[in-house]
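This report is meant for a reader meeting the structure for the first time. Please keep the sequence and the model in view while reading.

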Amino acid sequence: MINADLLARCSNAGAPSGFEAPVRRIIRDELQSCCSSISRMPSGNLICRSGAGGPAVALLAHMDEVGFMVQSITADGFLLLVPIGGWWNHTLPSQRVIVHTRDGRRIPGQLGTKPPHLLPESQRHQVMPTEALCVDLGASCADEVRALGIRTGCAVTPDVSLQPLAVEHRWMGKAFDNRAGVYCMIEAMKRLAAEQLPLDLLGIGTVQEEVGTRGARALEVQPELAVILEGPPADDTYGQSSTARQGELGRGVQVRLYDPTHITPPALADLVLRLAEEQNIPCRPAVRRTGGTDAAASYPNWHGVPAIVLGVPVRYIHSHNGILDDRDLAACIDLSCALLRHVAAHGLAELFED
């Protein structure tokens, strides 16, 4: 059963890279009753620990989303921006945004640009670069903007709230990359902590993944096994070949075997896929030509410990609105728990046998 309230709080939180505090608070509030310690590290990473003894196993989910930062305020009251993370600029003009002031105010605005009627014919069909966009708050001068508490350096995020779609199990909202992973980490931690397995169980929220996996590379603990929970792009959007689909809504958790930043150890991949088959957990193996996740930190930052990425496929990531299927959330949680139960019962030795 989907915890719709938790998914909404995760998705709706405004927390681009470097501004992860709202998501840290959600994780802390949800896990404080089942974890023996929760620590906010100097990097901004959040380490939630449950249990003691046994292998140190980590469930990691990056807390940040793509967003913007206010670069400057023009004399006539517009905000100029720099992107935080990778946006596809086709999707940006006319979208609603929230400017987050340092004193906690949420100021609504719209991403604006010069209208096509005033552009030369040669520019009307070009993608607008970020420097050609602004945030329009309805202000007339810089003093009006500053009176709202907005300054250079304020974070800007999409103005989107989670909503169920008319098709059962489908949800539309923002920041599923990676609030889908955060949701799964929280729910898996609750389930596993209640079982009191012989594990040193670590639930970790990392920072600044969208700008270079910085939090994972500065991780303050050393796991012996890392399970990275993610919200990767789905392959079943309009115009994509059906023969190349490795992540489809409603078809289960994506088990990533390869991307340019990480190769899953074959023994770990085989184990996860076998557990999924034995326990009837829907999943799809994936070999990706592009992309990367916090698993990239396994070499060299975590001394090459076994790491695997389990992903909830999301349509239209890195845009204002994504779509996911809550059955894939359930599959991701189930497979994460199945793997860690197996490790609790059998240890990690099989992952290092040739």
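## The loop with Glu209

Glu209 has its place in the loop between strand S12 (200–206) and helix H5 (214–217), where helices (H or I, at least four residues) and strands (E, at least two) are DSSP runs numbered from the N terminus. The UniProt record, an unreviewed entry, lists Glu209 for "active site"; positions from UniProt are given in the numbering used here, with feature names shortened, and such annotations may be inferred rather than shown by experiment.

This is a predicted model, in which local features need pLDDT of at least 70 and side-chain atom pairs count only at pLDDT 80 or more, while totals for chains, interfaces and linings use all residues. Residues are numbered from 1 along each chain as its sequence is written, and side-chain values use heavy atoms, with hydrogens and water left out.

With a relative accessible area of 8%, Glu209 is buried, a word that here means under 20% relative accessible area, whereas exposed means over 50% and partly exposed lies in between (1.4 Å probe, protein chains only). Leaving aside neighbours within four places in sequence, Glu209 is in contact with His62, Asp64, Glu230, Gly292, Thr293 and Asp294, contact being defined as heavy atoms within 4.5 Å.

## The barrel

A barrel is closed by 6 strands in the order S4-S5-S8-S7-S6-S9, with antiparallel pairing; two strands pair if DSSP finds at least two bridges between them. On average, and with direction ignored, neighbouring strands of this sheet are turned by 45° against each other, where axes are lines fitted to C-alpha atoms, for helices over the stretch in contact, and angles run from 0 to 180 degrees between N-to-C directions.

Strand S6 (residues 96–100) is mostly covered, since 4 of its 5 residues are buried. On one hand, S6 pairs with strand S7 (residues 106–112) in the antiparallel sense over 5 bridges, and among the partners in S7 are Pro108, the bridge partner of Ile98, and Gln110, which stands opposite Arg96. The hairpin of S6 and S7 has 5 residues between the strands, and in this hairpin Gly104 takes a positive phi near 95°. S6 is also joined by 4 bridges to strand S9 (residues 155–158), again running antiparallel, with His100 opposite Ala155 in S9.

Strand S5 (residues 78–84) contains Ile84, which counts as buried at 9% relative accessibility. When residues up to four places away in sequence are not counted, Ile84 touches Pro16, Ser17, Phe19, Val66, Gly67, Phe68, Met69 and Val211. Ile84 and Cys283 lie 199 residues apart in sequence, and their C-alpha atoms are 31 Å apart in space.

An open sheet of 3 strands has the order S10-S11-S18, and its pairing is antiparallel. Its edge strands, each of which pairs on one side only, are S10 (163–164) and S18 (322–325). Helix H7 (residues 326–346) packs on this sheet, where it touches S11 and S18, and the direction of H7 makes about 60° with that of S18.

S10 and strand S11 (residues 170–173) pair in the antiparallel sense over 2 bridges. Gln163 lies in strand S10 and has Met172 as its bridge partner in S11. Gln163 is partly exposed, with a relative accessible area of 39%, and it touches Trp171 and Met172 when residues up to four places away in sequence are not counted.

Ser336 lies in helix H7 and is buried, with a relative accessible area of 0%. The side chain of Ser336 reaches the backbone oxygen of Cys332 at 2.8 Å. Apart from neighbours within four places in sequence, Ser336 is in contact with Leu59, Val227, Leu229 and Leu310.

## Helix H4

Because 16 of the 20 residues of H4 are buried, this helix is largely enclosed by the rest of the structure. At 1.5 Å a residue, the 20 residues of H4 (residues 176–195) should span 28 Å, which agrees with end C-alpha atoms that are 28 Å apart; the expected span is 1.5 Å times one less than the number of residues. H4 is followed by Gln196, whose phi is positive, near 50°.

Key
A polar contact is a pair of N or O atoms within 3.5 Å; within protein, one must be able to donate a hydrogen and the other to accept it, and residues adjacent in sequence count only if both atoms are side-chain atoms.
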